[in-house]
Amino acid sequence: MNSKSVFELILSGEIESEVIYEDNDIFAINDINPVARVHILVIPKKKIATINNLNDSDVDLVGKMIMVAKQLAYELGIDNTGYRLLFNTNDDAMQTVFHIHLHLIGGQKLKDI
Ligand code: AMP
């Protein structure tokens, strides 16, 4: 758990990725393996391994992640057509990166995804 997550490596510049949104607490990138035309990851700079590890003190941070996703959906013009916001948690959800991230998925009908 002490090793850096891929998202921390992106934040520190050790792995290259285009940061499409950044503020003091949160950043966003395009998913490297998109499942839809729009697939963005909204990520807190603070590493929290899973949703199970959230504390009461993280409520504002998680709320802000949703507000960033909402704003990006608006800027990409998919707010009215629709989108999905998703946190995967642990094995059954097939979480692969243990640094929470909010998937913003849209730009097309998602019924098969
Ligand atoms: P999850 O399965 O919810 O843990 O999602 C992890 C996501 O991170 C997957 O959708 C991956 O495609 C994505 N991912 C992994 N490495 C990178 C990377 N270097 N840049 C962008 N997205 C990544």
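**Exercise 1. The shell around the ligand**

Task: Determine which element gives the most to the shell around the ligand, and describe the composition of that shell by class.

Solution. 
Step 1. Helix α1 gives the most to the shell around the ligand, contributing three residues. The structure is a predicted model.
Step 2. Two elements, α1 (6-11) and β2 (26-30), supply at least two shell residues each.
Step 3. In total, 16 residues surround the ligand, and Asp-31, Asn-88, Thr-96, His-101 and His-103 are the closest.
Step 4. Sorted by class, the shell holds eight nonpolar residues, seven polar residues and one charged residue.

**Exercise 2. Backbone atoms at the ligand**

Task: Identify backbone N or O atoms that lie at 3.1 Å, 2.7 Å and 3.0 Å from ligand atoms, and state how much of the ligand the protein buries.

Solution. 
Step 1. On the nitrogen side, a ligand nitrogen atom has a backbone N or O atom of Ile-32 at 3.1 Å.
Step 2. On the oxygen side, a backbone N or O atom of Thr-96 is placed 2.7 Å from an oxygen atom of the ligand.
Step 3. For Val-97, a backbone N or O atom is 3.0 Å from a ligand oxygen atom.
Step 4. The ligand taken alone exposes 500 Å², of which the protein buries 84%.
Step 5. The space that the ligand takes is the largest pocket.

**Exercise 3. His-101 and its polar partners**

Task: Decide whether His-101 is buried or exposed, and list polar partners of its side chain.

Solution. 
Step 1. His-101 is located in the loop that runs between β4 (83-86) and β5 (102-106).
Step 2. Its relative accessibility is 8%, so His-101 counts as buried, the cut-off for that class being under 20%.
Step 3. A polar atom of the His-101 side chain lies 2.8 Å from the backbone oxygen of His-99.
Step 4. The side chains of His-101 and His-103 make a polar contact at 3.4 Å.
Step 5. Both His-101 and His-103 are also among the residues closest to the ligand.

**Exercise 4. Positive phi angles**

Task: For Asn-90 and Met-94, report phi, and then classify the exposure of Asn-90 and of Met-94.

Solution. 
Step 1. Asn-90 is not a glycine, yet its phi is positive, at about 65 degrees.
Step 2. Met-94, likewise not a glycine, has a positive phi of about 60 degrees.
Step 3. Asn-90 belongs to the loop between β4 and β5, and Met-94 is found in the loop between β4 and β5 as well.
Step 4. With a relative accessibility of 33%, Asn-90 counts as partly exposed.
Step 5. Met-94 has a relative accessible area of 66% and is therefore exposed, given that this class requires over 50%.

**Exercise 5. Sequence separation and spatial separation**

Task: State the C-alpha separations for the pairs Ile-48 and Ala-36, Ala-36 and Phe-87, and Lys-4 and Phe-98, with the location and exposure of Ile-48, Ala-36 and Lys-4.

Solution. 
Step 1. Ile-48 occupies the loop between β3 (38-44) and α2 (59-75); its relative accessible area is 4%, so this residue is buried.
Step 2. Ala-36 sits in the loop between β2 and β3, and its relative accessibility of 10% makes Ala-36 buried.
Step 3. Ile-48 and Ala-36 are 12 residues apart along the chain, with 26 Å between their C-alpha atoms.
Step 4. For Ala-36 and Phe-87, the separation is 51 residues along the chain and 16 Å between C-alpha atoms.
Step 5. Lys-4 is in the segment before α1 and, at a relative accessible area of 47%, is partly exposed.
Step 6. Between Lys-4 and Phe-98 the separation in sequence is 94 residues, while their C-alpha atoms are 9.8 Å apart in space.

Definitions and conventions:
Residues numbered from 1 in each chain as written. Predicted model: local features only at pLDDT ≥ 70, side-chain atom pairs only at ≥ 80, totals over all residues. Heavy atoms only, no water. Near = heavy atom within 4 Å. Polar contact = N/O pair within 3.5 Å; in protein donor to acceptor, adjacent residues only side chain to side chain. Areas by Shrake-Rupley, 256 points an atom, 1.4 Å probe, with all protein chains shown as cover. 1 Å grid on protein atoms, 1.4 Å probe; cavity = no way out; pocket = protein on both sides within 12 Å on 5 of 7 lines; lining within 4 Å. Sits in = over half its atoms within 2 Å of the grid points. Helix = DSSP H or I, 4+ residues; strand = E, 2+ residues; numbered from the N terminus. Nonpolar A, V, L, I, M, F, W, Y, C, P; charged D, E, K, R; others polar. Buried < 20%, exposed > 50% of the residue type's maximum accessible area, 1.4 Å probe, protein only.
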